[in-house]
Amino acid sequence: MKFMAGYQLNVREDLLAAVIRAKERISEVYFPWGDIPTGRGVPLEQGELLPWEAQTLLAEDLKLLSDEGIGLNLLLNGNCYGRESQSRSFFEKIGNSTEWLANRFLLRSVTTSSPLIAKFLKKNFPDLEIRASVNMEIGTVQGMDYLAEWFDGYYMNRDFNRCRARIEELKTWCDGNGKKLYLLANSGCLKHCSVHNFHDNLVAHEQEIRAMDNAYEFRGLCHEYLARKEKQIHYLRDTTFVRPEDLPLYAPYFDVVKLATRSSRNPVRILEAYLNGSYSGNLMDLMEPDHAEAFYPAVLENSRIPAEFAAHVLDCPGNCGTCTYCDEIFSNAKVILESGGIASC
């Protein structure tokens, strides 16, 4: 099993070093480009660097990765492109950017949430693998079949990460139709989030929103929900992540696993935990978003989660309204940090 890691400008040197050390097990590094919105906003507008400085550093890093033989995946996965979504000038920009990158670096694939971008790239860049973003929430055979003409691969809807029957169904269809299936392992998002699309749209329009006199701030429903102490016991029930220790169960279905590392405070820790197949510490630190702040001083000690957890939830009937299995596992793994030591909760 190989991994994809997301480029992050803020910790570029440490992350690049970790990726290169493990390059035999790194399938690709995924990255944004220019001012094109993605599922994480516009990276060149973040941090202390000027946009042209950030772009120069990114290009240098893409060259370094390419020289090491590490493939690259271009992110065009914004959830909305507004009035430009169908414009000729927008697709000229997409085409010019993709061509420039493909001619200079080891660009192997593109991930997008737009069926029109997929159609455009499939026609004009047939050597690139075009993938449907996890933000499209595709989790059925029908959903994949509808788009089969334009996409070569699909990031499975994370809501089905713990459903073996659904994974097997999707894998069987992909194998029979020459498509690839990918898993996002460490999402900290809530399962079946009611406002996921709303939030992704806000992110896509981040620049415009920042320029307004805004009445509300919206960090995401998950942050507000998990800040409520009475809801925290359901953390394992309400999330979709796959722990590093549990990946062997997924090996029959996924050759490559995507790791969310673009906004984590410590992406190297995430990468190394999944490469090692084990982690001792606060499990929330491996997720993006991690929600650790909402639980503090409590942590979820990964080593206290039983080995059989993944197999159980992969095959459970999903009767979450009456079952307390995940809540009990959470309670047993929860630890309260105290000065001078730790105390089990």
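Two residues are in contact here when they have heavy atoms within 4.5 Å of each other. Leaving aside neighbours within four places in sequence, Thr98 is in contact with Leu74, Leu107, Leu121, Phe125 and Leu128. Thr98 is buried, with a relative accessible area of 0%. Buried means under 20% relative accessible area, exposed over 50%, and partly exposed in between (1.4 Å probe, protein chains only).

A word on the model: it is predicted, so local features need pLDDT of at least 70 and side-chain atom pairs count only at pLDDT 80 or more, while totals for chains, interfaces and linings use all residues. Residues are numbered from 1 along each chain as its sequence is written, and side-chain values use heavy atoms, with hydrogens and water left out.

## The nonpolar cores

In soluble globular proteins, nonpolar side chains tend to be buried together. A nonpolar core is a set of buried Ala, Val, Leu, Ile, Met, Phe, Trp, Tyr and Cys residues joined through side-chain atoms within 4.5 Å. The largest one here has 91 residues, and Phe31 and Tyr235 touch the most other members. Not counting residues up to four places away in sequence, Phe31 touches Tyr7, Leu58, Leu62, Leu72, Asn73, Leu74, Leu75, Leu101 and Leu107. Another core, of nine residues, lies apart from the largest one and includes Tyr30, Tyr155, Tyr182 and Val256.

Val134 sits in the loop between strand S5 (129-132) and helix H5 (141-146). This valine is buried, with a relative accessible area of 7%. Val134 touches Tyr155, Met156, Arg158 and Leu184, again not counting residues up to four places away in sequence. Val134 and Tyr182 are 48 residues apart in sequence and 9.0 Å apart in space, C-alpha to C-alpha.

## An enclosed helix

Next comes helix H11 (residues 267-276), which is largely enclosed by the rest of the structure because seven of its ten residues are buried. Those residues are Pro267, Val268, Ile270, Leu271, Ala273, Tyr274 and Leu275. They pack against strand S1 (2-6), helix H1 (12-21), strand S2 (26-31) and strand S8 (256-259). After H11 comes Gly277, whose phi is positive, near 75°.

## Paired rings

Rings of Phe, Tyr and Trp (its six-membered ring) pair if their centres lie within 6.5 Å; planes under 30 degrees apart count as stacked, over 60 as edge-to-face and the rest as tilted. The whole structure holds 14 aromatic pairs. One of them, Phe309 and Tyr325, is stacked, at 6.3 Å centre to centre and 5° between the planes. This pair links distant parts of the chain, with Phe309 in helix H13 and Tyr325 in helix H14, 16 residues apart. Both Phe309 and Tyr325 are buried. Elsewhere, ring pairs link Tyr81, Phe90, Phe91 and Phe120 into a cluster.

Notes:
Helices (H or I, at least four residues) and strands (E, at least two) are DSSP runs, numbered from the N terminus.
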